[in-house]
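Let's take a friendly walk through a protein model. Have a look at the structure below, and then we will visit a few of its features one by one.

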Amino acid sequence: MSDKKWWKEGVMYQIYPRSFQDSNRDGIGDISGIIQRLDYLESLGIDIVWLGPVYESPNDDNGYDISNYYRIHPEFGTMEDLEELLEGLHDRGMKLIMDLVVNHSSDEHKWFQESRKSKDNSYRDFYHWRPPAADGGPPYNWKAFFGGDAWEYDDLTGEYYLHLFTKKQPDLNWENPKLREEIYKMMRFWLDKGVDGFRMDVISLISKPEEFENIPNDNLMYAVYNVYANGPRVHQYLQEMNRKVLSKYDIMTVGEGPGISKEIANDYIGKDRNELNMIFQLDLMFLDNGAGGKFDPREITLKEFKSLFVDWDKALGDDGWNNVFLDNHDFPRMVSRWGNDGEHREASAKLLLMFLLTMRGTPCIYMGSEIGMTNVAFDDPDDYRDIETVNYFRNTKAFGGDMNHAMKMVHVQGRDNVRVPMQWDNRINAGFTDGEPWIKINPNYEDINVMSEEEKERSILEFFRILIQWRKRDEVLQYGSYKDLDPDHSKLFLYKRELNGKERWVCLNFSDEESDIPREIKGKRIILNNYREIGDLLKPWQAVLLK
Ligand code: TEU
Ligand code: CA
């Protein structure tokens, strides 16, 4: 059995601050808005809130471009608000983890402002600068995550700087010990305030190759897994960070890990590595990327889906610890992507929640999934806000691509699917704001919202609350071993959790069709079922937990 830790027993809940609750009618979610909803958070039974970035930022990438790590962006409130939120969570027995975005800063951060001034500026080496190629173009052929080149020319000094994300997100140079000390100092500032840990943005990318080289392939995922991630000194940096900062506090860390494959995951999170506690592995999120990237997706089979979880569980074993999630602020809504958000929305939303809360690993639920919120489909490109989507539309247009097709792809894959505001009730703007929201509301808010879920019997929300209570008092669900009982089944995900002779079975029908009841669960006692009963066949998206 894996060692006991509070962060293995807790349930995480992600808040995207811009879209949770507006408190001052400017149409932007803010910290006071979250404070107004503290009782709701407590009522869910969640333990750990992951708060997206609320630091000062020009918002090129909605706060993932930080211009001052010590200040709260005025649109989100003040430092006092943040302290009040922290206290409010702690009073209710919940923890707060903050987003730590240190692979890159904003180009408006004072470090970058200094760095670009001259080649001998004392901040020059806080970033990666290189002279142009012989033809004056970018020194290397690297591509950025949100389209275009990853090297940007700056005519002040006639050199290029590296940005793996937008050009307003220059990558920090971790080779520089002065930069690292600055980061550690900033981390201590937040930990001394009492925050309970960090979600570390793209932490797998912080160490760059010793010698930059061209990439023999223009597939972004190839670059991520083979060049951008897991650089030669990433473990040295994380061990140093752990020794100098993390180990001094009772906190948790989860590193976002694009490019970390299961074979090397325990190098980051293994017990004796003294690096991180968990990673968010993105293999599943990237699995459907086709040759043209995320906007060129392919179908994934249930078998692939299952084997990914099974293989990761096996690879981490009792040395590492998994984090289990099906969506976040970067990927489509889980019920739209992995369930059926039409006819079977309620059943499949419950099934996916049961999956998250019965797997081995700390579950992380994205706000709104507890009420089965779905993807959104705006008709007008101007209704989209996310820089990745905006760039995609722009590039499609520039290269004479099919805009209708692009729109369809955005409806399926775009990040704004999950960034539209939380749906609280059926009043105008879904109770999110009394002003003009920064992005349009999903028109289905009149049917899908917290208030109507609270009033309904056997709602998704009620199901989620019951599941959480089970998870929290059941050691078998927390620490029990995990075994897939029928890896080849094309519709069912059937697994067993086991601890000290106690067993739990989870039977999930991942399909729009009925399915046979597996013999393994016949005669077992039902703990929780997303249908009223269990007949001779499993209903579409039926989910049953048994003992
Ligand atoms: O995401 C990193 C990451 O790998 C994602 O960029 C993902 O590939 C992309 O969103 C797919 O559309 C983190 C943050 O979660 C994301 O919001 C930021 O935009 C990004 O880093 C840069 O900070
Ligand atoms: Ca506001």
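## A hairpin to start with

This is a predicted model, and our tour begins at a hairpin made by strands S7 and S8, with four residues between them. In its turn sits Gly 158, whose phi is positive, at about 70°.

How do the two strands run, and how many bridges join them? S7 covers residues 151-154 and S8 covers residues 159-162; they are antiparallel and joined by four bridges. To see the pairing for yourself, find Tyr 153 and look across to S8, where Tyr 160 stands opposite.

## The largest pocket

The largest pocket has a volume of about 1,000 Å³. Its lining is made of 47 residues, and those nearest the centre are Phe 145, Phe 146, Gly 147, Leu 220 and Glu 388. Several elements give two or more residues to this lining, including helix H7 (220-228), strand S13 (293-297) and helix H15 (403-413). Helix H14 gives the largest share, with five residues.

What kinds of residues line the largest pocket? There are 18 nonpolar, 15 polar and 14 charged ones. Domain 1 (9-104 + 177-206 + 232-460) and domain 2 (110-162) both contribute to the lining, so the largest pocket lies between them.

## The second largest pocket

The second largest pocket holds about 640 Å³ of space. It is lined by 22 residues, and Glu 299, Ile 300, Arg 337, Trp 338 and Gly 339 lie nearest its centre. Helix H11 (302-316), helix H12 (334-337) and H15 each give at least two residues to this lining.

By class, the lining of the second largest pocket has nine nonpolar, six polar and seven charged residues.

Note on methods: Residues numbered from 1 in each chain as written. Chains lettered and ligands numbered in written order. Predicted model: local features only at pLDDT ≥ 70, side-chain atom pairs only at ≥ 80, totals over all residues. Heavy atoms only, no water. 1 Å grid on protein atoms, 1.4 Å probe; cavity = no way out; pocket = protein on both sides within 12 Å on 5 of 7 lines; lining within 4 Å. Points joined across faces, edges and corners; volume = space filled by probe spheres on them. Nonpolar A, V, L, I, M, F, W, Y, C, P; charged D, E, K, R; others polar. Domains from an automatic or database assignment. Pairing = 2+ DSSP bridges.
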